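Reader: I have a chain and its model on my screen. Could you walk me through the inside of the fold, one question at a time?

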Amino acid sequence: MDVVDSHTHVISPDAERYPHAPLGGHRSDWSKARPVDHHGLVAAMDEAGIAQAVVVQASTVYGHDSRYVVEAVRAHPGRFVGVFSLDAVAGDAVDQIKRWRDEGLVGLRLFTTGSTMPGQADWLGDPRSWPAWTYAEAHGIPVCLQMTMDGIPMLRGLLQRFPQAKVLLDHLARPDLADGPPYEKARALFDLAVFPGVHLKLTNRTLAAAGQGASTATAFIPLVVQRFGADRVLWGSNFPAAEGSLAALLGEAKAGLSVLPEAERAAILAGSARRLYPALGDARHG
């Protein structure tokens, strides 16, 4: 089966050329314990049988300096597309979008929470970010959001202002799924289905959360697909931030998706990513 991994990271062994400047002020533990450069990522993909991947800026290592993502994409043009990050409320945010797009990157990431920045940043809905959102919406640039469920009210406000924006929620915004079906604690997430631009990134974190308490992955995933459609759900390994081999992470995902029809599995494992990031198709045939 064709597989595209929508959420990977790469760490350079050359800290002089690519100095560390992590958001939150300290480098993430996973990046110190399990660093993988872009050559190592390709090797892991080959072992797992993964055709292509989206390399997402490692904000907990490099902050908004996405130059190593650029290097990865240029070194493996048939395998990778890249997602950069930036400070959306900075006065030069639009210029930064243009800069990284000129460098060949195709997606934008806003980092509002994470291992080095716990909680939920309140700048997500800040009017100072609106120029960046306006530009991303006008140019069809997917915006990955590293956020929690607490950020959903701010996101709804943005989506009402920018109804054509393409948004991809990393880890499905980290919902609490332990209550099990019908997942009342995740109602705010399911309610986002009314916004056609909202896409969901199904990662190891989501699969783990779906296995807690009264929940199982095979109960949760069909409900997500029922509400959003398989064409708005993308699988991402979160490798190497996630522990375990890339092949094992893919195996866990396939097990969780096993209850779905083949066409829906194919969409989540590859087709949805190719639609959201058209450059993947270009790279595959280029």
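Reader: In which loop is P182 found?

Author: This is a predicted model, where local features need pLDDT of at least 70, side-chain atom pairs count only at pLDDT 80 or more, and totals for chains, interfaces and linings use all residues. Residues are numbered from 1 along each chain as its sequence is written, and side-chain values use heavy atoms, with hydrogens and water left out. Helices (H or I, at least four residues) and strands (E, at least two) are DSSP runs, numbered from the N terminus. By that naming, P182 sits in the loop between β6 and α8.

Reader: What kind of peptide bond joins P181 and P182?

Author: Most residues other than glycine have a negative phi, and most peptide bonds are trans. Look at omega here: the angle is about 5°. The bond between P181 and P182 is cis.

Reader: Is N238 buried or exposed?

Author: N238 is in the loop between β8 and α11. Its phi is positive, about 65°, although N238 is not a glycine. Buried means under 20% relative accessible area, exposed over 50%, and partly exposed in between (1.4 Å probe, protein chains only). With a relative accessible area of 6%, N238 is buried.

Reader: What is the phi of L172?

Author: L172 lies in the loop between β6 and α8. At 1% relative accessibility, L172 counts as buried. L172 is not a glycine, yet its phi is positive, at about 55°.

Reader: Which residues line the largest cavity?

Author: A cavity is a set of points on a 1 Å grid, over the protein atoms alone, where a 1.4 Å probe fits but cannot get out; lining residues have an atom within 4 Å of a point. Grid points are joined across faces, edges and corners, and a volume is the space filled by probe spheres set on the points. The structure holds two cavities of 30 Å³ or more, and about 50 Å³ of space lies in the largest. Its lining is L172, L200, L202, F220, I221, V224, V225, V233 and I268.

Reader: Which element gives the largest share of that lining?

Author: Ala, Val, Leu, Ile, Met, Phe, Trp, Tyr, Cys and Pro count as nonpolar, Asp, Glu, Lys and Arg as charged, and the others, Gly among them, as polar. This lining has nine nonpolar, no polar and no charged residues. Both β7 (198-202) and α10 (217-228) supply at least two residues. The largest share, four residues, comes from α10.

Reader: How is the pair of Y183 and F220 arranged?

Author: Rings of Phe, Tyr and Trp (its six-membered ring) pair if their centres lie within 6.5 Å; planes under 30 degrees apart count as stacked, over 60 as edge-to-face and the rest as tilted. Y183 lies in the loop between β6 and α8 (187-191) and F220 in helix α10, so the pair ties together parts that are 37 residues apart in sequence. The centres are 5.1 Å apart, with 75° between the planes. That makes the pair of Y183 and F220 edge-to-face.

Reader: Which residues do ring pairs link into a cluster?

Author: The count comes to four aromatic pairs. The cluster is Y183, F190 and F220.

Reader: Which residues touch the most other members of the largest nonpolar core?

Author: A nonpolar core is a set of buried Ala, Val, Leu, Ile, Met, Phe, Trp, Tyr and Cys residues joined through side-chain atoms within 4.5 Å. The largest core has 91 residues. The most connected members are L145, L169 and L192.

Reader: Which residues does D5 touch, beyond those up to four places away in sequence?

Author: D5 is in strand β1 (residues 4-8). At 0% relative accessibility, D5 counts as buried. Contact means heavy atoms within 4.5 Å. On that rule D5 touches I50, Q52, A53, V54, W235, G236, S237 and L246.

Technical notes. On a 1 Å grid over the protein atoms alone, a cavity is a set of points where a 1.4 Å probe fits but cannot get out, and a pocket is an open set with protein on both sides within 12 Å along at least five of seven lines; lining residues have an atom within 4 Å of a point.
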